[in-house]
Amino acid sequence: METLPTGISVLDRQFGGGLPSGSVVVLEANPDSQSELILNRFARVRECRYLTTVRSADAVTAALSRDGDEETTVEATDDAGDLHELASLTDDPPEEGTLIVDSVGPVEESASPAAYAEFLDGVRSRVVDAGGVALLHALRGGEDPRTRRVTEQVADVVFDLRTTVTGTEIANRLVVPKFRGGAALEEPLKLKLTDEVAVDTSRDIA
């Protein structure tokens, strides 16, 4: 099975080169975090189809173009909660590329667990056939949608970005509790999320 880089060097080192092709990854994060930087890195590393259910296609394209990205196709859904429309947009992911859904929240909230699980199985099947990777952006906020557990169960890899504010510090820690076909991280990875994704080398002071 081929390993595909994530575009984030520290993660690729931790995972022995990247993620197994055919993987479905979920990135869980707070809406007020810098999690979009991680999405952007995934989008830039190879050909990508970026499906946005909340932001406009123009807004996503503008964010990606700041770094000269020219291989990402950005499409916006007309109805964020329309499972059938989203499924049709995932029909043809790029070969050995990346499929991003930002975010799956509207569909999680509107679809039945059975229908949503069928949608995710379809995404998995198409990504496996294409030899690529799918990244699902799952934002936290209030009470999680009833299908969030379905997202986590179907996903091969779970990225849990935890952002905390203590005093004058904003700390971002990436927890990887699940990695099907690989090794999950034994401890949180402290990240520096400003205008890029890097390792935070500052030491925690107890």
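**Figure 1. Gly131 follows helix α6 with a positive phi.** The phi of Gly131 is near 70°. This is a predicted model, in which local features need pLDDT of at least 70, side-chain atom pairs count only at pLDDT 80 or more, and totals for chains, interfaces and linings use all residues. Residues are numbered from 1 along each chain as its sequence is written, and side-chain values use heavy atoms, with hydrogens and water left out. Helices (H or I, at least four residues) and strands (E, at least two) are DSSP runs, numbered from the N terminus.

**Figure 2. Helix α6 spans residues 113-130.** Its 18 residues reach 26 Å from the first C-alpha to the last. That is close to the 26 Å expected at 1.5 Å a residue; the expected span is 1.5 Å times one less than the number of residues. Tyr116, Phe119, Leu120, Gly122, Val123, Val127 and Ala130 are the buried residues of α6. They sit on the same side of α6 because they cover an arc of only 155° around the axis. The arc is that of the directions from the helix axis to the C-beta atoms. Ala114, Glu118 and Asp129 are exposed on the other side of α6. Buried means under 20% relative accessible area, exposed over 50%, and partly exposed in between (1.4 Å probe, protein chains only). The cover over the buried residues of α6 includes α4 (83-89), β6 (98-102), α5 (105-110), β7 (133-139) and α7 (148-154). Contact here means heavy atoms within 4.5 Å.

**Figure 3. An open sheet of 9 strands has mixed pairing.** The strand order is β5-β4-β6-β7-β3-β8-β9-β10-β11. Two strands pair if DSSP finds at least two bridges between them. β5 (72-76) and β11 (197-199) stand at the edges, each with a single partner strand, so one side of each has no neighbour in the sheet. From one strand to the next, the twist averages 25°. Helix α2 (residues 36-44) packs on the sheet, and the strands it touches include β3, β4 (48-52) and β10 (189-193). The direction of α2 makes about 155° with that of β6. Helix α3 (residues 57-65) also packs on the sheet, touching β4 and β5. Axes are lines fitted to C-alpha atoms, for helices over the stretch in contact, and angles run from 0 to 180 degrees between N-to-C directions.

**Figure 4. Strand β8 pairs with β3 and with β9.** β3 (residues 24-29) and β8 (residues 157-166) run parallel, joined by 4 bridges. Val26 has Val158 as its bridge partner in β8. Leu27 has Phe159. β8 and β9 (residues 169-179) are antiparallel over 9 bridges. Thr164 stands opposite Ala171 in β9. The hairpin of β8 and β9 has 2 residues between the strands, and Gly167 there takes a positive phi near 65°.

**Figure 5. Thr98 lies in strand β6.** Thr98 is buried, at a relative accessible area of 0%. Its side chain makes a polar contact of 3.1 Å with the side chain of Arg46. A polar contact is a pair of N or O atoms within 3.5 Å; within protein, one must be able to donate a hydrogen and the other to accept it, and residues adjacent in sequence count only if both atoms are side-chain atoms. Beyond its neighbours within four places in sequence, Thr98 is in contact with Phe42, Arg46, Glu47, Cys48, Arg49 and Val133.

Figure 6. Glu96 is partly exposed, with a relative accessible area of 45%. A cis peptide bond joins Asp102 and Ser103, with omega about -5°.
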